[in-house]
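Please look over the chain shown here, together with its fold, before reading the notes.

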Amino acid sequence: MAERRELFNKRISDREREYAVEVKLRNRKKTAVTIVVEENVSGDIDVTQKSHPFTRKNSNTLEFAIPVPAGQEATLTYTVRARY
């Protein structure tokens with residue numbers, strides 16, 4: 001189960017904004033799992049902060065592989081600065 005929320009979204013200029021996202025992941029299984037989270041982004045982006053490493057699947061998608069222990073929860077957070 002996943003729960004996504006935007007922590008903040010601020011406009012820096014007419015063509016630039018910065019936002020932060022938090023995704024809570026819960027593993028209800030009796031074994032550990034790795035959950036792949038794909039986040040769509042737009043514009044020319046820089047990830048300024050992140051809680052887990054990511055790969056660029058393509059120009060508009062960030063892919064995070066988050067290990068979640070059995071019966072526990074993990075939280076992914078990241079901050080993006082986007083220019084349009």
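This is a predicted model: local features need pLDDT of at least 70, side-chain atom pairs count only at pLDDT 80 or more; totals for chains, interfaces and linings use all residues.

Residues are numbered from 1 along each chain as its sequence is written, and side-chain values use heavy atoms, with hydrogens and water left out. The chain has seven strands and zero helices, where helices (H or I, at least four residues) and strands (E, at least two) are DSSP runs numbered from the N terminus.

**Whole chain**

- Followed along the sequence, the pattern of the chain reads β-β-β-β-β-β-β.
- Taken along the principal axes, the C-alpha atoms of the chain fill a box of roughly 50 × 25 × 15 Å.
- Of the 84 residues in the chain, 31% are buried, a word that here means under 20% relative accessible area, with exposed meaning over 50% and partly exposed lying in between (1.4 Å probe, protein chains only).
- The chain exposes about 5400 Å², of which carbon and sulfur atoms supply 46%; accessible areas come from the Shrake-Rupley method with a 1.4 Å probe, and for residues only the protein chains shown count as cover.
- Among contacts (heavy atoms within 4.5 Å) between residues at least 6 apart in sequence, 60% join residues at least 24 apart.

**The three-stranded sheet**

- Strands of a sheet pair through backbone hydrogen bonds, either parallel or antiparallel.
- Three strands in the order β3-β6-β5 make an open sheet with antiparallel pairing, two strands being counted as paired if DSSP finds at least two bridges between them.
- The edge strands of this sheet are β3 (33-40) and β5 (54-58), each of which pairs on one side only.
- From one strand to the next the twist averages 30 degrees, with axes fitted as lines to C-alpha atoms and angles running from 0 to 180 degrees between N-to-C directions.
- β5 and β6 form a hairpin with two residues between them, and four bridges join β5 to the antiparallel strand β6 (residues 61-68).
- Within this pairing, N58 has T61 of β6 as its bridge partner, and F54 is partnered by F64 of β6.

**Pairings of β7**

- Eleven bridges join β2 to strand β7 (residues 73-83), and the two run antiparallel; V23 has L76 of β7 as its bridge partner.
- Strand β4 (residues 44-50) also pairs with β7 in the antiparallel sense, over six bridges, and I45 stands opposite A82 in β7.

**Two residues in their surroundings**

- A65 is found in strand β6 and counts as partly exposed because its relative accessibility is 45%.
- Not counting residues up to four places away in sequence, A65 touches T34, I35 and V36, and its C-alpha atom is separated by 8.9 Å from that of E38, 27 residues apart along the chain.
- E16 is found in strand β2 (residues 16-26) and, with a relative accessible area of 17%, is buried.
- With residues up to four places away in sequence again left out, E16 touches R11, R81, A82 and R83.
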